[in-house]
Amino acid sequence: MGDRVVKLRQIAILGGLLASTSFVSVPLIAAEPAKQAQPAISADASAALQRMGQTLRAEQMSFQARTIRVYADPNGEPLHIFHTLKVTMHRPNRLLAEVSGDDGSNKLVFDGKTAIIYSAAQNKYASIAVPEGTIAGMLKEAVGRLGVDFPLADFLSDEPGKAFLTGVTSGRLVNTVTIDGAPYDHLFFFQPPGIELELWVAKNEQSLPRRLIVTYRNLPGQPNFIAEFSDWNFNVQAPDADFAFQPPAGATQVELKPVAAASPSGKKKGSK
């Protein structure tokens with residue numbers, strides 16, 4: 001879970017997961033690996049993240065997120081794409097992520113043994129074995145080995161607060177703002193070589209995330225990723241059947257292949 005390049009820092013679409021198929025394939029744009037340094041995080045920012053991390057370590061939860069991100073079209077022009085993501089999880093080994101957006105609907109299903117990636121638009125799916133049998137192990141396999149784009153993975157890790165700070169060298173409280181009548185702390189973090197993160201968390205003991213903006217200063221056009229969280233539920237009672245994938249009629253199973261390593265320029269080798 002320590003690789004910042006393939007978590008919040010990727011800009012791609014879930015529909016491009018199966019690069020070897022006719023799924024829409026989008027180049028992955030990633031920052032260069034950051035050098036590890038002692039974080040200079042202010043006490044109030046650190047405390048807010050600790051509270052958030054403790055809340056998000058719940059055994060079971062669900063939430064929704066509306067996201068906006070940038071990807072490059074065949075002409076290299078940056079375009080915005082909108083998604084709605086719904087996540088349901090039961091630690092340590094059940095996860096369902098359903099995505100709908102401008103490029104269609106997709107889902108990621110994990111039952112404790114196998115992770116299934118499915119595209120409704122193509123009616124195709126692929127599976128990967130998860131030897132560790134945990135959500136953390138699944139994210140490591142899917143995000144690290146295959147380059148699956150799951151930009152909110154930090155919030156699902158075993159230690160969400162620590163995962164969010166991976167690679168970060170500084171952080172502070174900007175101010176307190178009001179969102180829908182409730183106070184939220186606006187936090188700002190920096191990760192070399194040019195990634196800025198803004199996070200809004202509730203100003204209370206839960207410190208639930210409400211907004212996230214990631215800006216890539218070193219990339220052409222300084223693109224960003226935006227997420228707005230809602231519908232947090234820590235009493236969700238999801239049966240195991242919700243985490244079992246049943247292929248729809250006519251669905252085709254395909255083979256996932258590992259993505260190419262990222263080049264120093266930050267773009268995936270072999271991408272057009």
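Reader: Let me take buried as under 20% relative accessible area, exposed as over 50% and partly exposed as in between, with a 1.4 Å probe and protein chains only. Is L197 buried or exposed on those terms?

Author: L197 is buried, with a relative accessible area of 0%. This is a predicted model, in which local features need pLDDT of at least 70 and side-chain atom pairs count only at pLDDT 80 or more, while totals for chains, interfaces and linings use all residues. Residues are numbered from 1 along each chain as its sequence is written, and side-chain values use heavy atoms, with hydrogens and water left out.

Reader: OK, and where does L197 sit, in which strand?

Author: L197 belongs to strand β10, residues 195–202, where strands (E, at least two residues) and helices (H or I, at least four) are DSSP runs numbered from the N terminus. In space, the C-alpha of L197 lies 4.6 Å from that of V214, although the two are 17 residues apart in sequence.

Reader: How many helices and strands does the chain have?

Author: There are 3 helices and 13 strands, and of the 272 residues, 50% count as buried. The accessible surface is about 12,500 Å², with 50% of it belonging to carbon and sulfur atoms; such areas come from the Shrake-Rupley method with a 1.4 Å probe, and for residues only the protein chains shown count as cover.

Reader: Which residues have the most contacts inside the largest nonpolar core?

Author: They are F63, M138, L152, F155, L212 and F229, in a core of 49 residues. A second, separate core has 7 residues, among them L96, V109, Y125 and F245. A nonpolar core here is a set of buried Ala, Val, Leu, Ile, Met, Phe, Trp, Tyr and Cys residues joined through side-chain atoms within 4.5 Å.

Reader: Y125 interests me; what stands opposite it in β13?

Author: Opposite Y125 is Q253, since two strands count as paired if DSSP finds at least two bridges between them, and β7 and β13 (residues 252–253) pair in the parallel sense over 2 bridges. Strand β7 (residues 124–129) also pairs with β6 (residues 114–119), antiparallel and over 6 bridges, and there A115 has I128 as its bridge partner.

Reader: And in the hairpin of β6 and β7, which residue takes a positive phi?

Author: That is N123, with a phi near 50°, in a hairpin that has 4 residues between the strands. Another hairpin joins β3 to β4 through 3 residues; those strands, residues 78–90 and 94–101, run antiparallel and are joined by 8 bridges.

Reader: Switching to α1: which of its residues are buried?

Author: They are A45, A48, L49, M52, G53, T55 and L56. They lie on the same side of α1 because they cover an arc of only 160° around the axis, the arc being that of the directions from the helix axis to the C-beta atoms. The face turned away carries the exposed residues A43, Q50 and Q54.

Reader: What does S62 touch, leaving out residues up to four places away in sequence?

Author: S62 touches V87, T88, D231, W232, N233 and V236, with contact meaning heavy atoms within 4.5 Å. S62 is part of strand β2, residues 60–72, and counts as buried at 9% relative accessibility.
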